[in-house]
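Here's a protein chain to look over together.

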Amino acid sequence: MLKKIGVGIVVLLLAVAGLIWIKLIMPLQASADKNGPATAARDYALQDDSKVTLPAPQAGIYQAAPNPDMNLYWGELHVHTSESFDATLFGNTLTIDDAYRFAKGEPLDSPGGQVMQLSRPLDFVAITDHAEGFGTRTHCDSPDLSLAERAACWLANEPNPMIFQILTSAVRGTAAPGDPSKPAGVYQRTTRQSPKPGAFPTCRFGDDALERCYQNAKNDWARYADLADKYYEPGELTTLIGYEYSPGLPEQGKHHRNVLFRSNTVPERALSSLDVPNAIELWKGLEANCGEGCDFLTMPHNPNKAWGLTYSRYTWDGQEYSEADWRLRQKREPLAEIFQVKGAQECALGVGATDEECAFEQVFDPCQPGETTGCAFKTGFVRQGLKVGLALDKELGFNPLQFGFIAATDSHNSNPGDVEEWDFPGAVGAVTSSAARRLRATEETAAAYKTILKFNTSGGLAAVWAPENTREAIFDALARRETYATSGPRLAVRFYAGWGIDDAIMDVQNPFRSLMGNGVPMGGVLHVPQNSDAAQRRSPGFFVWATRDPIDAPLQRVQMIKGWIDADGQTHEKVVDIACSNGLTVDPISGRCADNGASVDVTTCNFSTNSGADELKTVWHDPDYDPTRAAFYYVRVLMNPTCRWSSYDAIRLGREPDPRVPATIRERAWTSPIWLDPAG
């Protein structure tokens, strides 16, 4: 009894602290006090949306029959609704049902009053709320709660970012520096690991309350699956069942993974970081609980904010990968997010890369000696992860880091796929909505530059090549990595490699059936022939074809990114342009296309229409090809520059673009790599 009373007192004190924060410290946050709606309306009234012309929403285009040449499908695999406790604390009240309707093209109002609507419906979507919150608030409407339980429920449902900080530590645990003999970024968990969702304050009131939350977690997960089934329309909208696994790191680090299932045969409960401490145990736990007919994959996100752990040999809590663990990762983790609202994760200047495009949408500076959080680590970017995979292949005899690319939003606004720069509604509820809040930079909100203006991009989309739009077909395409990522626009891109590919294919009207039989697509592994001297002497052909998004800017150029490992085990990378717009050619010395002269008027956000290309395609052979060296190749397609979301917001507010961030953005696509497996 004394223990229960003590816990209740703690919760009540936290509630009082949160109330003080709401009333006295954060009056500018929408929905954070009783005048929140009025405050939000006042801020929204400062912007003039008529100053920005939006394209009219378009109806979806659906293919009725399976296509052996593959169809292109667009989707979102990482979005949160009010079911996520952090989304609620940010002021989002929109539900899972709202998110599915939004994916189909219906408009919604953001927490700040801004109308959100896709220009085109999505083909597939996964709602991925945090599993750590399942079952923890379901009972809060019950009339027979104790005073302490009522206080805890108030705390968990009151929109306030400060409460988010409190509950994040309570729910996900905290971490402290670990064994100094291990790399920076390996921590020790300092809160007790619980086999049930008892870390959440609303569940800390005795065995009965804990068992109630445990059962509610199962019920919430079952409801998730039922809602996905309700909105699943094969051929129109594929709803993949999934969730986010979210262990905590210092300074809001993200060593998280999204979990997706192939069908509606799923485990009885969604395993969270309250059940298993790290990714290795997550894969093992899912395999043990998945059962017959159940299949799953996982995807890490924000490696740029995982403090170097995503492509480390250790888990966040110090478990070193064994060979069996690497094989499990190879089997279960075929993809990674390369782009989302918290920045680009391809590469970073000064962190193992000199490629100028690695400066794109970076949110952290390179780590300095002694820094262990809040900076850019080399093993925090996917290109370096691919190179780590080559080194592991040389060591283990297999490559556990052959992963493809997708992009997402990680929005907490229930608005999957809402990525276009011209109507970005922010990503974290009322905190970043409306435009005045996104761009506010007064002394009271000086952190806005880091947390919103610089730290937030508009997010990206996942593109999948599949024969039809069903759960099985979309999941299988994800599993075989026939995917690519974009920073938002819907560029169509295909990428193949093969020994019989040459310039003649450029004149074939529909080359893809031939390519599917004589080459491998993005995400595939190309094996060097064992008994063909001729094939080994000449590089395979790499065929790339890209077309612009019809409602966005033209294409500027196509680049090939290569990584390889030498005889001494050292990894290398190289970036070259392979196709230019406007009839320009690649400079043989610099390896770059000349500037095509495209420009943007940042006072109107009108972009050049007489420069760039509607389509770019080419066949490229690697002049430095070595059949004895393992390598990977992926394609990056760059568009002409357009306005960044912050410039559109400046127009709405009648001000100049903020000089601390670029006024324009060069949107892009990244294909999943093709790996070259050397002879022998």
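**Labels and the values behind them**

Q: Why is His412 called buried?
A: His412 has a relative accessible area of 6%, and buried means under 20% (exposed is over 50%, partly exposed in between, with a 1.4 Å probe and protein chains only). So His412 counts as buried. One heads-up: this is a predicted model, where local features need pLDDT of at least 70 and side-chain atom pairs count only at pLDDT 80 or more, while totals for chains, interfaces and linings use all residues. Residues are numbered from 1 along each chain as its sequence is written, and side-chain values use heavy atoms, with hydrogens and water left out.

Q: Where is His412 found, and what is His412 in contact with?
A: His412 sits in the loop between strand S14 (404–407) and helix H11 (435–439). Helices are DSSP runs of H or I with at least four residues, strands are runs of E with at least two, and both are numbered from the N terminus. Contact means heavy atoms within 4.5 Å; leaving aside neighbours within four places in sequence, the contacts of His412 include His80, Asp86, His130 and Val428.

Q: What makes Cys140 and Cys153 a disulfide?
A: Their sulfurs are 2.1 Å apart, and the rule asks for a pair of cysteine sulfur atoms within 2.5 Å. By that rule the count comes to six disulfides.

Q: Which parts does the Cys140 and Cys153 pair tie together?
A: Cys140 lies in the loop between strand S4 (124–127) and helix H5 (147–157), and Cys153 is in helix H5, so the pair ties together parts that are 13 residues apart in sequence. Cys140 has a relative accessible area of 17%, so it's buried, and Cys153 is buried too, at 6%.

Q: Why is the disulfide of Cys140 and Cys153 called left-handed?
A: The torsion about the S-S bond is about -80 degrees, so this disulfide is left-handed. For Cys290 and Cys294 the torsion is about -60 degrees, so that one is left-handed as well; their sulfur atoms are 1.8 Å apart.

Q: How do you know that Cys605 and Cys643 link distant parts of the chain?
A: Their sulfur atoms are 2.2 Å apart, and they form a disulfide. Cys605 is in the loop between strand S23 (600–601) and strand S24 (606–607), while Cys643 is in strand S27 (residues 642–643), 38 residues apart. Both cysteines are buried.

Q: Which residues of helix H9 are buried, and why are they said to lie on the same side?
A: In H9 (residues 323–332), the buried ones are Asp325, Trp326, Leu328, Arg329 and Arg332. They cover an arc of only 160 degrees around the axis, which puts them on the same side of H9; the arc is that of the directions from the helix axis to the C-beta atoms. The face turned away from the buried side carries the exposed Ala324 and Lys331.

Q: What covers the buried residues of H9?
A: The cover includes strand S10 (256–261), helix H8 (279–290), strand S11 (296–301) and helix H10 (382–396).

Q: How does the reach of H10 compare with what is expected?
A: H10 has 15 residues and reaches 20 Å from its first C-alpha to its last.

How values were computed:
Expected span 1.5 Å × (residues − 1).
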